[in-house]
Amino acid sequence: MVAYANQHSFSYVPKAVREQRRERKLLNQLENKGVIKSIDPYVCKVCGRRFYTNEKLVNHFKQIHEREHQKRVNQIESARGSRRVKLVGKYSMKMEKYKNAAREVLTPKVGYGLADELKRAGFWVGTVSNRPQAADFALRDHIVDVMDKRKAECLMLVSDDSDFVGVLKEAKLRCLKTIVVGDADDGALKRVADAGFSWTEILKGKAKKEAVSVVGKWKDRDILKKLEWTYDPEVERKFYGSEDMFDEESEDLDFDGSDDGNSSDYMHKEDSGAWWELDTDSDADSSKSQ
């Protein structure tokens, strides 16, 4: 699971996120003035304390939990060897709890936390230069390298960029299953891939339900390919090579012998009757006496 992007992608803030932050700032101002009041209190997910305004929760989080987290990070970075391993194991649960809570309380200083979210989901994130299509080239090279080393049997591409059509075709030629996730309903990638889903279908759970039937079709197709007969000259030669040698030897054989005329008489006698006339008992006895 890999993702490539330039620095601009990680620092960019989408319009929807900007509007959400603007609304949150306006709500904080109204809560501080007492114009509106939240029905449910704001709960700190680290210590469990409750606050009646979001701004007080943010200040509490920065003054206490953020400082404690930074102290733990500095302590781990300054340690070496086995002590560092012990500190990582000691603080791992607390640091994970802090990160989960910080995503909802604190606003990222750069961008909107895309890199952190990808890493949290299990992706390896690679930052490339800001040159045009640098991320496309890096991802394409990574996919080809994985296919060359035969490390995958299925390729799932999250993109709408038609520049990856060649990579998908190459993956299908190498017998890899291909899946595309993107917003384009009838994009070039979905026309080439074995299966395609939109983000709406994933959020609604439709993709998860269809995945079972798609995998079932792939298994049936693999079974049919195994049962399908194809002519292979090498295999045929191995199985039937001995009979071919016998036929060639029988054709090359020369039979030497004397012909005294009896064989021709016998053949003449055999062919004397019409093919539809059957031999009677008297004919059989006469032939035996001769």
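1. Let's start just past helix α6, where R150 takes a positive phi of about 55 degrees. Keep in mind throughout that this is a predicted model.

2. Now the helix itself. α6 covers residues 134–148, 15 residues in total, and reaches 21 Å from its first C-alpha to its last. That is close to the 21 Å expected at 1.5 Å a residue.

3. Which residues of α6 are buried? They are A134, D136, A138, L139, R140, I143 and M147. One thing to have in mind when reading that list: an α-helix has 3.6 residues a turn, so residues three or four places apart point the same way.

4. Leaving aside residues up to four places away in sequence, L189 touches L157, S159, D160, D161, S162, F164, V165, L168 and V180.

5. On to charges. Side chains of opposite charge can pair when their charged atoms come close, and the structure holds 9 salt bridges. One of them joins K45 and E104, with the closest N and O atoms 2.8 Å apart. K45 sits in the loop between β2 (42–43) and β3 (50–51), while E104 belongs to helix α4 (residues 81–105), so this pair ties together parts that are 59 residues apart in sequence. Is E104 buried or exposed? E104 is exposed, at a relative accessible area of 58%.

6. R103 pairs with E117 in a salt bridge at 3.4 Å, N to O. Since R103 lies in helix α4 and E117 in helix α5 (residues 114–120), the pair ties together parts that are 14 residues apart in sequence. Both ends count as partly exposed: R103 at 35% relative accessibility and E117 at 29%. This pair also belongs to a network of salt bridges that links R103, E117 and R120.

7. D194 and K172 also meet through their side chains in a salt bridge (3.4 Å, N to O). D194 is in the loop between α8 (188–192) and β7 (195–197) and K172 is in helix α7, so the parts tied together here are 22 residues apart in sequence. D194 is partly exposed, with a relative accessible area of 27%, and K172 counts as partly exposed at 37% relative accessibility.

8. Last, the annotation. UniProt, in an unreviewed entry, places the feature "domain: C2H2-type" at residues 42–70. In the model, that span is 59% helix and 14% strand, and its end C-alpha atoms lie 23 Å apart.

How values were computed
Residues are numbered from 1 along each chain as its sequence is written. This is a predicted model: local features need pLDDT of at least 70, side-chain atom pairs count only at pLDDT 80 or more; totals for chains, interfaces and linings use all residues. Side-chain values use heavy atoms; hydrogens and water are left out. UniProt positions are given in the numbering used here, feature names are shortened, and annotations may be inferred rather than shown by experiment. Helices (H or I, at least four residues) and strands (E, at least two) are DSSP runs, numbered from the N terminus. The expected span of a helix is 1.5 Å times one less than its number of residues. Buried means under 20% relative accessible area, exposed over 50%, partly exposed in between (1.4 Å probe, protein chains only). A salt bridge is a side-chain nitrogen of Lys or Arg within 4 Å of a carboxyl oxygen of Asp or Glu. Contact means heavy atoms within 4.5 Å.
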